[in-house]
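Please keep the sequence and the structure at hand while reading.

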Amino acid sequence: MIRAFFSGIRIHVLQFTKNPFDVSGVLLWPILYASIAYYLLDAKNDPSLLLSASLGAAVMLMWSLVVIGSSGALEHQRWQGTLELLVAAPVPFAAVIAPITIASGVVGAYALLATLAWGTLFFEVPLAIEQPLAFVVAIPACVLAIGMLGLIMAATFVFYRAAFALGIAMQYPVWIAAGLLVPLSVLPDWVGPVSWFLAPTWGFRAIQEAALGRTPWPDIAMCLLLSAIYLVAATACLRGFERLARRNGTLQLT
Amino acid sequence: MAAIEVEELTRTYRSRKGVFRRTTTVVEALKGISFEVERGELFGLLGPNGAGKTTTIKILTTLLLPSSGSARVLGFDPAREAQKVRGRIGYVFGGERGLYDRLSAIHNLQYFADLYRVPSADKRRRIAELVELVGLTGRERERVETYSRGMRQRLHIARGLLHDPEILFLDEPTIGLDPIGAREIRETIAGLRQAGKTILLTTHYMFEADALCGRLAVIAGGAFVATGTPADLKAAVADRTIVEIETFGVPEATIDRLRSVVGVTRVAVEARDQAQVVLVQSATGAELVPSLLRELEGSAVGKVVTREPTLEDAYVELVGSA
């Protein structure tokens, strides 16, 4: 199962890198998101916000890549007829689907670093990381947690034929509820408890706390805890949705 | 114990349309089919498009749940013991889909070998053997998107055999292939049968079923209309003679007149290039030709051939009367 998992990550990253459209998107999006941090969030007028805003934009991009990447990958698998073959494989379905979201997360980690790099190059974002070790740990923890949240989403993508459209629709609520687009303090009080259940909230905070030299480790621990919870929930959802898809005959398009 | 046991299997599809006035369409894809496939046997499922062949294979390969009835694959229930079935079977379908096009054949095979738990120590050797078996040696590192349809199909078969499954399900493996490509696939299938694999093959090519299958079932409208060896099926129309009349632009009314000629049991029309070939089944054969030609007066008529019935004629008879 472990071999299938890592082989899946390898094959999906390979598949991604062979598509010039996807690759060019990942090269250009970080510039776009760095610009969002600088102009849209108006961080340029408040230098103390500049790094936080850039990190928020970078995690936004990572989430987008995971949710769009995994939904797009699953819809593509359905179109190319490989989804049925993945379901028909004898390894647990979660071990087949998780690599798709993790592979998207790996691409997302690159995009996160690229967003910060472009911000530094173009918009003079101060890239002074106070706790480099915690920062290096926070990034994979964030990738894992966001990837596992993507796995729960992937369960629905397996069932619904219009997975890609659903994936695009799932970007924005998480951007807002996780405090990536605007700080949670300016949102209604009820959004706070919702954000606690979202991996990007803790992933963003972990990276931010490490960068600013505060206390990232509790946030990293929350990322890992949420990852475990998501994995259990996603496995149950995948099992349920796989059975529904087998009952309704929705594993293929034709 | 048989390799595959199917009893009274049914499958109904429901599809809904509309937002406010939702309408539900119900299609009965399988209407209670039963059959068994013995170990080492090559069993064929023949039928026209939409007859229920693929639905049957999908239920047996765990991809679809039946509405009622039961199935056992190597003693396991594909609905409830899917994981146990999946490691023991191989599933290959025809057509262009089912492969990672942007990757090479080797990358495809490596990935599926890991998904099907091929031991690491055996993986490289197994892939090399299969690449050679399906005749892709030298091309295995090229992207699949550059492959011809026949090469893709051969790669599909290699993928289905990676974990050395006890049963191989082949769903129309030669569909859309050119004659040479199709012949190569049939040779590969015949080789697998000789090697002792249990194979369930679906096809709508009669000569393919005749050449490969030990036993077969003809399915139409979700129900079996005949089962037996190819010889058994041919025997069902052995008392008939077939008159093939090549025509050009014959109207439907004329075909109807042919049906009413005394002694005619069935009339079918096949398009072959520019011509329509009228196939007339009867017990009397050549004696009927003058009457048939009289009915075709005024129409352009080419060759007229009288011959013994083939499996295809038996199939047309069985499906047509279903």
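## Basis of the report

The model is predicted, with local features needing pLDDT of at least 70 and side-chain atom pairs counting only at pLDDT 80 or more, while totals for chains, interfaces and linings use all residues. Residues are numbered from 1 along each chain as its sequence is written, chains are lettered from A in the order in which they are written, and side-chain values use heavy atoms, without hydrogens and water.

## The second largest cavity

The lining divides into four nonpolar residues, no polar residue and one charged residue, where Ala, Val, Leu, Ile, Met, Phe, Trp, Tyr, Cys and Pro count as nonpolar, Asp, Glu, Lys and Arg as charged, and the others, Gly among them, as polar. Ala88(A) lines this cavity together with Arg86(B), Ile89(B), Tyr91(B) and Tyr116(B), and the space inside is about 30 Å³.

A cavity is a set of points on a 1 Å grid over the protein atoms alone where a 1.4 Å probe fits but cannot get out, and its lining residues have an atom within 4 Å of a point. Grid points are joined across faces, edges and corners, and the volume is the space filled by probe spheres set on the points.

## The largest cavity

The largest cavity holds about 40 Å³ of space, and its lining consists of Ile242(B), Arg266(B), Ala268(B), Leu279(B), Gln281(B), Asp313(B) and Val316(B). These residues divide into four nonpolar, one polar and two charged.

Notes
On a 1 Å grid over the protein atoms alone, a cavity is a set of points where a 1.4 Å probe fits but cannot get out, and a pocket is an open set with protein on both sides within 12 Å along at least five of seven lines; lining residues have an atom within 4 Å of a point.
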